[in-house]
Amino acid sequence: MDVLVIGAGAVGLTTAISLAEAGLSVTIRTAALPAQTTSVAAGAVWGAVKVGPSNRVLGWGRTGLEVLCKLAAEPGTGVRMAAGREVSRGPLERYYWTRLLTDLRDCAESELPDGFTDGWHYTAPLANMPVYLEYLRARFEQAGGTLEVAPVTSLAGLAGQAPVIINCSGAAAHDLVPDPTVVPVRGQVVIAANPGIEEFLVSRDPEPPWIVYMFPHGDTILLGGTNDEGNWDTDPKPEIAMRIVAGCAAIEPRLRGVEIVGHRVGLRPWRPEVRLESEPLGEGVLWHNYGHGGAGISMAWGCAAEITRAVLG
């Protein structure tokens with residue numbers, strides 16, 4: 001074994017794929033299978049939400065956008081190019097990373113929901129996370145990788161198990177490293193039958209811990225959500241689910257009385273800056289790759305490429 005990766009969410013799987021496809025022998029060790037990781041609850045449209053630092057995020061995000069656009073053209077990946085809007089009831093300032101979007105434009109007044117006064121429209125990769133995670137898992141195994149379900153309780157205890165160990169433990173890095181700057185940002189979403197909505201919508205009104213977004217995936221639609229910092233609870237709350245549906249239906253009337261088919265909760269691993277750096281571990285090296293906030297899917301390929309270059313170089 002050349003590399004041991006800790007964590008099987010989107011960041012861990014992507015990192016492991018990059019290294020395995022470069023010809024290294026890679027094992028993933030994880031407390032939960034990919035479909036049970038926090039990544040499954042992601043809204044998963046490309047974007048640099050709750051992630052830093054900006055100077056590195058642009059590079060990682062550019063790589064992620066390129067890779068995800070290519071995956072959107074391949075069947076079975078769970079990724080597609082989706083059009084949608086981000087809207088607000090007040091003035092909306094464009095984020096620095098939106099310069100990477102080639103078709104971003106201001107919404108016409110007719111494109112804004114009732115009560116909204118500003119917004120923009122664009123096309124970006126959007127992942128159906130259960131499908132995407134299964135695609136990543138299969139791609140990793142096809143590259144010769146091995147996935148082991150076994151919780152890791154100590155990074156120091158891994159010394160000697162592989163020349164390179166990569167910590168992609170997400171919010172769990174708070175205790176595992178330990179790194180008190182990692183804060184879980186709880187996200188609860190509702191999966192509903194899609195009444196015919198084709199474009200995604202994100203409300204950018206600042207109302208933490210409540211946020212409103214909707215991402216259609218064919219026959220179903222993912223409705224969100226919450227932005228609850230410091231909350232480790234991964235059990236869906238019925239009262240929150242009701243508020244999510246009501247908040248979405250207030251913007252999109254077709255969602256009134258919609259059939260609910262599932263609930264998901266994830267913990268975004270927020271940190272002031274992504275920790276992507278190495279340190280010695282015994283006679284080997286320990287890489288940290290965590291703290292991607294709400295942008296793990298978007299940043300994963302860029303971070304994986306940076307680690308792979310360093311490991312091979």
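A search of the whole structure turns up 7 aromatic pairs; rings of Phe, Tyr and Trp (its six-membered ring) count as a pair if their centres lie within 6.5 Å, with planes under 30 degrees apart called stacked, over 60 edge-to-face and the rest tilted. Tyr 95 and Trp 97 make a stacked pair, 5.5 Å centre to centre with 10° between the planes. The structure is a predicted model, where local features need pLDDT of at least 70, side-chain atom pairs count only at pLDDT 80 or more, and totals for chains, interfaces and linings use all residues. Residues are numbered from 1 along each chain as its sequence is written, and side-chain values use heavy atoms, leaving out hydrogens and water.

Tyr 95 is partly exposed at 31% relative accessible area, while Trp 97 is buried at 4% (buried means under 20%, exposed over 50%, partly exposed in between, with a 1.4 Å probe and protein chains only). Ring pairs also tie Trp 46, Tyr 95, Trp 97 and Trp 120 into a cluster.

Then there's Tyr 122 and Phe 200: their planes sit at 65° and their centres 5.5 Å apart, so this pair is edge-to-face. Tyr 122 lies in strand 5 and Phe 200 in strand 9, 78 residues apart; strands are DSSP runs (E, at least two residues), numbered from the N terminus. Tyr 122 is buried at 1%, and Phe 200 is buried too, at 0%.

Strand 15 (residues 284-290) is largely enclosed by the rest of the structure, because 6 of its 7 residues are buried. Strand 14 runs antiparallel to strand 15, joined by 7 bridges (strands pair if DSSP finds at least two bridges between them). Strand 7 pairs with strand 15 in the parallel sense over 4 bridges.
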